[in-house]
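Below are my notes on the model, as numbered points. Please read them with the structure open.

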Amino acid sequence: MGNVTIVGAQWGDEGKGKIVDYLAREADVIVRFNGGNNAGHTVVIGEEKFIFHLIPSGITHPQVKCVIGNGVVIDSLVLIKELENLKAKGVDVKERLFISNRAHLIMPYHKTIDILREERKGAKKIGTTGRGIGPAYEDKIGRRGIRVYELLKSELFKEHLKEVLEEKNAYITKVLGGEELDFQKIYDEYMKVGEIIAPFIKDASSYLKKWINERKKIIFEGAQGFMLDIDHGTYPYVTSSNTIPAEVAIGAGVPPDSIGTILGVSKAYTTRVGGGPFPTELFDATGQLLRDRGNEYGSTTGRPRRCGWFDIPALKKAVDIAGLNGIIITKLDVLSELDKIAICTGYTLNGKKIEEYPPDVNELSMVQPEYEILPGWKCSLSGISSYESLPKEAQNYLRRIEELTNVEIYGVSVGAERSAFILRKNPFIS
Ligand code: GDP
Ligand code: IMO
Ligand code: MG
C-alpha cells in the first residue's frame, strides 16, 4: 500500500479533480502542494457540481482529511467563499481541513499587479487567470511575502503589510498607472479572514509526517499541468510554480520517498487556455466540436479553451521529467462522434524532424505536427464500466497511446460524473 500523486500531464484542466475525487474513496488524506486559486478542479456527483480552487478535491468524502500545503499561494477571500459553498452544500470540514501556516498569502496588490501587467503587455500577454499568482510567488522568492501564520499575529501583520504596501503602491501608481490601495481596508479585511480560518491554520507538514508514519493513504493533488511548469513548461507561457511531482516534497513538506505512485492525467485530446504555443491546435470545425462536446470553457475564468489533437512529444516530455508511472485518460467520450482521430507522433521544423523539445517558444510555435490517423468508434461510451467493454477502436486508440509513450494506462474517464470512470489498475497497490 502506498501513496498516490496525481498531476496534470498537459496544459492543465485534464480532469485531475475528477480523478482525485474518484480515488479519494480509498484515501485518508488529500494534499494540495502547488499553485493557488488559478486552479479550478471540477467534481460532479449526481446533479451536484463542485469547483475547487484551493480546497483539495476529495473533501466531500467524510473520512478524508484535506491539507493545503506550504507550496500553495492562498487568496484567503477565495478560500472563505469555498468554505461557505461547502457549508451550503452540507459538507462539514471541521477538524478535516489543515492549512499550512507557512503557505504564502495572495494579497489584493498581487491581483492588481497581475491584471495591470497583463493589460500593459497587450498582444504579448500570457493570458494569466488574473488571480495574482505570479506576483505572489515573486514576493515569496523575493522574501517579502506575507505568510498564513501572520494572520494570527495582528501587530506583525500590520507592520509587514505597511512595509510591503508602500513599495507596492509606488509600483502600482508610478509604473503601472493604477490606483493606490488602502492600507486600513486591507488590514481590516484580512484580520476578519484570519479569525475565520484560524482553526484550520496548522503546522501541516508535522501532521503529514505523523500520517505517513501511520501508513495512511495519501493523495497529493497537483494543480495546472506539466507544460505550465515554471522550469520545464513552455516558458514564459507558464504558471509561476513547479507543477511536476518533484514539487510534492517541497510544497507539502514531506520526504521525497512519500510521493508514491505517480499518475499523469491527460485528456484524450489536448486543450490549453491562455497564450503560448500549441503545436496540435485545431482552428477548424473539429476544434469547435471538441470545445462544444467537451464543454471546454475554463472552470476558473470561463474562457474558451483552445483545442487540438493528442500530442505525444509533449506527453513524452512529461513522462520523462515528471516520472509518470502511469497515465489516466479522461474525456474519451468527447471523441465518440469522430470518424477519424489523429495522434501527433512527432514534430518537424523546416522539413527536419525535431528530436528534442525546443526550449524556445518561437521555435515551438513554428513546428509542424506529424500525424497518425486512427479510425473512430462512432458510438456512445455512456454506461461502459470495464476496459474490455470499450469499442475495439477505442481500445486500439488507447493502446497506441501506451505504445507511443511506453507508459501504462491506469484508468479511463468516459464522462464528467463521478461514476463514469474505468479503473484498470489500482495505484494504491501498484
Ligand atoms: P482539472 O483542473 O484538471 O481538475 O480539470 P477541470 O475541472 O478544470 O476541467 C475538466 C472538465 O472536464 C470538467 O468540467 C469536468 O467535469 C469534465 N470532465 C472530467 N472528466 C470528464 C470525462 O471523462 N468526460 C467529460 N465529458 N467530461 C469530463
Ligand atoms: P488547473 O489546476 C489551465 C494558465 C493560465 C495562463 C498561465 C499563467 O485547473 O488545471 P497564472 O494565473 O497561473 O499566472 O496563469 O497558466 N493556468 C491554467 N490553465 N488550468 C489551470 O489550473 C491553470 N492555472 C493556470 O491560463 O495561461
Ligand atoms: Mg481546471
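1. Glu155, Glu159, Glu163, Glu166 and Glu167 form a negative surface patch. A patch takes residues with over 30% relative accessible area and no salt bridge, joining like charges within 9 Å and nonpolar side chains (Val, Leu, Ile, Met, Phe, Trp, Tyr) within 5 Å. Asp and Glu count as negative, Lys and Arg as positive, while His and the chain ends are not counted; a charge is placed at NZ of Lys, CZ of Arg, CG of Asp or CD of Glu. Areas follow the Shrake-Rupley method with a 1.4 Å probe, and for residues only the protein chains shown count as cover.

2. Glu166 sits in helix α5 (residues 154–175). Helices (H or I, at least four residues) and strands (E, at least two) are DSSP runs numbered from the N terminus. Glu166 counts as exposed because its relative accessibility is 64% (buried is under 20%, exposed over 50%, partly exposed in between).

3. This is a predicted model: local features need pLDDT of at least 70 and side-chain atom pairs pLDDT 80 or more, whereas totals for chains, interfaces and linings use all residues. Residues are numbered from 1 along each chain as its sequence is written, chains are lettered from A and ligands numbered from 1 in the order written, and side-chain values use heavy atoms, without hydrogens and water.

4. An open sheet of 10 strands with mixed pairing runs in the order β9-β7-β5-β2-β10-β1-β11-β15-β19-β20. Its edge strands, β9 (201–202) and β20 (421–423), each pair on one side only. Pairing requires at least two DSSP bridges between two strands. Strands β2 (residues 29–32) and β10 (residues 218–221) run parallel and are joined by 4 bridges; Ile30 has Ile219 as its bridge partner in β10.

5. There are 22 salt bridges, each a side-chain nitrogen of Lys or Arg within 4 Å of a carboxyl oxygen of Asp or Glu. In one of them, the closest N and O atoms of Arg418 and Asp21 are 2.8 Å apart. Arg418 is in the loop between β19 (408–413) and β20, and Asp21 is in helix α1 (residues 16–24), 397 residues apart. Asp21 is buried, at 1% relative accessibility.

6. Arg117 and Glu138 also form a salt bridge, with closest N and O atoms 2.9 Å apart. This pair links helix α3 (residues 108–121), which holds Arg117, to helix α4 (residues 133–141), which holds Glu138. Arg117 is partly exposed at 24%, as is Glu138 at 37%.

7. Asp13, Lys267, Glu296, Arg305 and Lys331 are linked in a salt-bridge network.

Conventions
Buried < 20%, exposed > 50% of the residue type's maximum accessible area, 1.4 Å probe, protein only.
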